[in-house]
Amino acid sequence: MIQELELRVSPEVAGQEPELKSYISKSSKISESEIRHIEILNRSIDARQKKVSVNLKVRIYVQEDFVEEKVQLPDYPNVSNRKEILIVGAGPAGLFAALQLIESGFKPVVIERGKDVKSRVLDLQAINVRHVVNEDSNYCFGEGGAGTYSDGKLYTRSKKRGNVRLVLERLVGFGANKDILIEAHPHIGTNKLPNIVRSIRERIIAQGGEVHFNSRVTDFLLDGNKICGVVTQNGNKFLAENVILATGHSARDIFELLYKKGIEIELKPLAMGVRVEHQQSLIDSIQYSCEERGPFLPPSPYSIVKQVQGRGVYSFCMCPGGVIAACATRPEEIVTNGWSSSKRARPSANSGIVVELRPEDFRTFSKHGVLAAMEYQKQIERTAWIAGGKTQAAPAQRLADFVNGKQSSDLPKTSYTPGITSVDLQSVLPKLIYDSLKEGFKEFDKSMRGYLTNEAVVHAPETRTSSPVRIPRDSETLEHTRIEGLYPCGEGAGYAGGIISAAIDGIKSANACVAKIKNRG
């Protein structure tokens with residue numbers, strides 16, 4: 001007999017199989033000796049009450065043997081001699097688009113401006129140690145995109161847009177831990193993502209697809225309103241009737257190129273702010289209402305949203321047990337973001353805290369047209385670079401000092417490897433952002449008592465929350481509204497906001513492209 005049960009248990013019970021088996025036996029009046037296996041289907045932590053609990057959905061095998069079903073990848077065909085479709089960008093959108101094309105019998109040709117996932121490591125070290133930024137190989141650019149060296153958060157609200165389970169199963173098939181299929185807020189970790197990304201690339205090549213690194217696009221080849229291919233920085237031409245454009249949210253040169261060539265793009269609202277680091281133990285004590293987290297609870301995340309004078313101030317890309325990373329994509333700018341390893345074992349927690357911005361907020365940059373938000377980003381990042389000493393050292397301030405408008409006399413050590421410099425961040429951030437954050441932190445402390453502490457450090461700036469533009473596309477065909485054969489896709493095009501939603505959009509774009517080709521006969 002196989003039964004499914006929904007349980008609400010303590011972390012100690014949820015985290016120990018003998019304890020869980022005993023609990024199920026007592027609550028269901030089934031002998032422990034008859035329970036041969038407990039399969040966990042879903043797991044989530046409920047910290048809303050003073051006593052933290054774990055919600056489980058389990059399948060119990062009563063006098064039944066359990067046979068584990070391994071996640072299988074599709075039987076991908078060899079597409080060496082099939083019709084080619086060009087994909088610009090090897091992030092989640094581009095890689096999943098490539099896999100979907102192979103599954104549909106088409107040959108993906110992926111071109112990526114950056115390096116392979118292993119080679120990127122040296123360039124990340126150069127940013128952190130020598131403060132040298134490689135414009136084509138950094139935390140944002142290179143194989144796997146910005147997601148590779150990130151926390152690997154897989155939680156998404158875009159469940160109505162596509163098959164989240166399908167993406168998760170593909171990731172498991174390429175090496176991710178199977179737990180991502182059951183956790184309410186799954187993540188992979190920056191220590192494991194590189195191998196998964198490499199496995200995807202190897203499969204693409206093994207099935208006859210192509211992947212070209214160090215191939216930054218510098219021009220689009222057009223025949224009237226039709227795409228014909230692209231040109232890369234070394235003069236190579238990649239010709240194709242269909243191009244999936246999946247360049248990521250920091251590909252500013254691509255946005256500038258589109259604008260220059262008269263290919264329509266649109267100004268898109270986004271959010272900007274800072275990245276705040278606390279001790280993880282403090283966040284645990286606030287979120288779990290306990291002095292010590294204990295061994296059966298993971299490092300606690302937090303998610304918080306407040307309205308400040310009708311404007312949203314909220315946490316973004318929160319990394320429990322993680323570090324703050326230097327994510328500049330060009331020299332003479334500072335950009336911060338965060339990542340965690342799979343175990344989230346670092347002693348500090350960090351999160352972007354950002355302010356909702358609207359098109360009218362970029363009015364002073366109106367001469368840049370639809371690139372106004374991008375220029376707004378650039379000015380903040382350059383101001384931060386100058387304030388930090390014209391290196392990758394980030395301007396920083398203790399949190400209470402930030403709220404009180406006081407430059408910090410000293411700063412504690414933080415996880416941001418290039419280092420930090422004490423700066424009154426009023427001189428770095430636009431007044432709108434600073435004032436909104438200042439009031440937002442006060443509101444945060446009302447919900448999370450103890451959050452507003454001078455032991456926390458504010459790092460500036462957090463500017464790359466999403467793309468500053470949207471590349472318009474037809475809602476049915478997913479083609480650009482004017483350029484035939486061009487499929488804007490993923491975060492860079494303004495249609496995704498994370499690994500899962502980008503992967504889903506890559507799959508959708510691939511399917512739309514295939515459908516049009518097949519309809520033509």
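A salt bridge is a side-chain nitrogen of Lys or Arg lying within 4 Å of a carboxyl oxygen of Asp or Glu. Keep that rule in mind as we walk through this structure, which is a predicted model. Look at where the two partners sit in the chain. Arg 311 belongs to strand E14 (residues 311-319), while Asp 361 lies in the loop between strand E17 (348-356) and helix H9 (372-387). The two are 50 residues apart, and the pair links distant parts of the chain. By the same rule, the count comes to 42 salt bridges.

Now step back to the domains. The domain assignment divides the chain into domain 1 (2-62), domain 2 (84-265 + 473-519) and domain 3 (269-462). Let us follow domain 2 and domain 3, whose C-alpha centres lie 27 Å apart. How many residues of domain 2 are in contact with domain 3? There are 27 of them, and they touch 30 residues of domain 3. The size of an interface is often given as the accessible area lost when the parts come together. Between domain 2 and domain 3, the buried area is about 2400 Å², and carbon and sulfur atoms give 57% of it. Elsewhere in your view, you can find Arg 252 in a salt bridge with Glu 333, where the closest N and O atoms are 3.5 Å apart.

Two packed helices are described by the angle between their axes and the distance between the axes. Helix H3 (residues 92-103) packs against helix H6 (residues 193-206) at an angle of about 35°, and their axes are 10 Å apart. Which residues make the contact? From H3 come Leu 95, Phe 96, Ala 98, Leu 99 and Ile 102, and H6 brings Val 197, Ile 200 and Ile 204. Sorted by class, this contact has eight nonpolar residues, with no polar and no charged ones. H3 passes H6 in a left-handed crossing.

Finally, here are two backbone details to look for. The peptide bond from Ala 460 to Pro 461 is cis, with omega near -10°, and Pro 461 is placed in strand E20 (residues 457-462). His 131 is not a glycine, yet it has a positive phi of about 60°. You will find His 131 in the loop between helix H4 (120-130) and helix H5 (164-173).

How values were computed
Residues numbered from 1 in each chain as written. Predicted model: local features only at pLDDT ≥ 70, side-chain atom pairs only at ≥ 80, totals over all residues. Heavy atoms only, no water. Axes fitted to C-alpha atoms, helices over the stretch in contact; angles between N-to-C directions. Helix = DSSP H or I, 4+ residues; strand = E, 2+ residues; numbered from the N terminus. Left-handed = near helix turned anticlockwise from the far one by under 90°. Contact = heavy atoms within 4.5 Å. Nonpolar A, V, L, I, M, F, W, Y, C, P; charged D, E, K, R; others polar. Domains from an automatic or database assignment. Buried area = accessible area lost by both parts, 1.4 Å probe.
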